[in-house]
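Please keep the sequence and the model in view while reading.

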Amino acid sequence: MKNNKEYVKWGLTAFLVVLGGFVGYYIIFHLDSLSTTIKSLFTILMPVIDGLVLAYLLTPLVNFFERQVVQPLCRATEIKVIKSKSRFISIVITIVVVIWALYAFFSIVIPQIANSIKTIIEQFPSYINTLSIWISNLLENNPDIEQKVMGLLNKYSLDFEKYINSEVLPQLNNLIMAISISVYSFFKVFWNLIIGFIISIYVISSKELFAAQAKKIVYAFFSIDPANRFISNIRFANKTFGGFFVGKILDSIIIGIICFIGMSILGMPFSVLISVIIGVTNVIPFFGPFLGAIPSALLILFIDPLKALYFLIFVLFLQQVDGNIIGPKILGSSTGLSSFWVIFSITLFGGIWGIFGMIVGVPIFAVLFAFTKSLVETRLASKDLPSETSKYLKLLYINDTSGEFVEFSTDSKKPFGEITKILVKNHGKYKHHHDAKKDADDISDDDLK
């Protein structure tokens, strides 16, 4: 019987190896077909994906209303009907609040944005003229520089006008067709969102059941310790993503409101439009403020160049307040990444997925970073080695007999890199920490050469 089990085990292993070979061959030589299939599958499942995303974004609101409003009301009134339907009532409250917020945004903000864009289009020639007059007044004492600047301004304004007449207007038919396709795509996306919204309600209603089923599957296919670590990592990923996105959205809304108030006080033009741009781009970490400030400053520059300078100073002040006061209070240490890794993750995922990658890059990299850290610490623990990074700052090598950490002597005047090469090369003879220190100090300049 034991031999039969061994045969079955080896046969199953061989089958999986062969199957893996076929799968690898198909992926390598049929990559285009596989990519098309995956895209088609994503298109078909888009309503479900939208539903899962909406459920994930709405869950914090549902939890808040359920735990802070509905359940306390149940305990205070002891109404059994409300208690049994607390989740349903919380979902209804969440839907009402979200729909009201969207309605308020579209009814108040969108018309003002549309008017601002219409004004920009209609008044564009006068803006160019205003900018030309301002530059002329600024450079009236420097006629040579004025002539060059005005020449460049006239040249590019003429080039822009020529581009409109020669490229944009003849392509109106194609533009209308593209708009029609875009309208069709918009309604398709809107329909997917409606289906996804309905799906999200079912997901939120049974989120504990889905979580329990997922944990049951994990424990069924993994041993206890790996399953515990996997579930712990998933909890961390959920905390990182949820904390980052919810906190960043709230932070961006606050920044947009403060920007609108500040611009209104300073008498800046297009205050609503620019505040929306600043708030939306603030969702992108690190680079977001620059992406929003540059086009906004250009809009103000056409009307009043001096106000554009004031705006840049105001935005710089606003981003300092956000980065040092508002952001840390809301986000805290939700990602646990240093500034270098934040910039690295934005650059990496922004290059892969564009603007979307710049938004999701930080939490994704934070999760990958945490998984790697967990794996490294687990491997170190299996070798009875410390996981604190500070323990390795002055490490030359670890004694393979006693396991003692041999550190570089800070009193030595010899270059650290050269001493390390010599000591590591001969590390077998060092049994004690002080022996390594003494030998490091005794290394001659000839040895270093």
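A residue is called buried when its relative accessible area is under 20%, exposed when it is over 50%, and partly exposed in between. I194 has a relative accessible area of 33%, and is therefore partly exposed. The model under discussion is a predicted one. Within it, I194 belongs to helix α8, which covers residues 172-205. I194 also contributes to a nonpolar surface patch of about 680 Å², together with F187, F190, W191, I198 and Y202.

Attention may now turn to helix α5. This helix runs through residues 86-122 and contains 37 residues. From its first C-alpha to its last, α5 reaches 53 Å, close to the 54 Å expected at 1.5 Å a residue. V109 is itself one of the buried residues of α5. Others in that group include S86, R87, S90, I91, T94 and I95, as well as I113, S116 and I120.

Side chains of opposite charge can pair when their charged atoms come close. The side chains of R87 and E208 form a salt bridge, with a distance of 2.7 Å from N to O. This pair connects distant parts of the chain, since R87 lies in helix α5 and E208 in helix α9 (residues 207-221), 121 residues apart.

Together with E66, the residues R87, K207 and E208 are linked in a network of salt bridges.

Another salt bridge joins the side chains of K248 and D251, at 3.9 Å from N to O. These residues are three apart in helix α10 (residues 224-266), so they are separated by about one helical turn. An α-helix has 3.6 residues a turn, so residues three or four places apart point the same way. Both K248 and D251 are buried. The count of salt bridges in the model comes to four.

Conventions:
Residues numbered from 1 in each chain as written. Predicted model: local features only at pLDDT ≥ 70, side-chain atom pairs only at ≥ 80, totals over all residues. Heavy atoms only, no water. Patch = residues over 30% accessible without salt bridge, like charges linked within 9 Å, V, L, I, M, F, W, Y side chains within 5 Å. Areas by Shrake-Rupley, 256 points an atom, 1.4 Å probe, with all protein chains shown as cover. Helix = DSSP H or I, 4+ residues; strand = E, 2+ residues; numbered from the N terminus. Buried < 20%, exposed > 50% of the residue type's maximum accessible area, 1.4 Å probe, protein only. Expected span 1.5 Å × (residues − 1).
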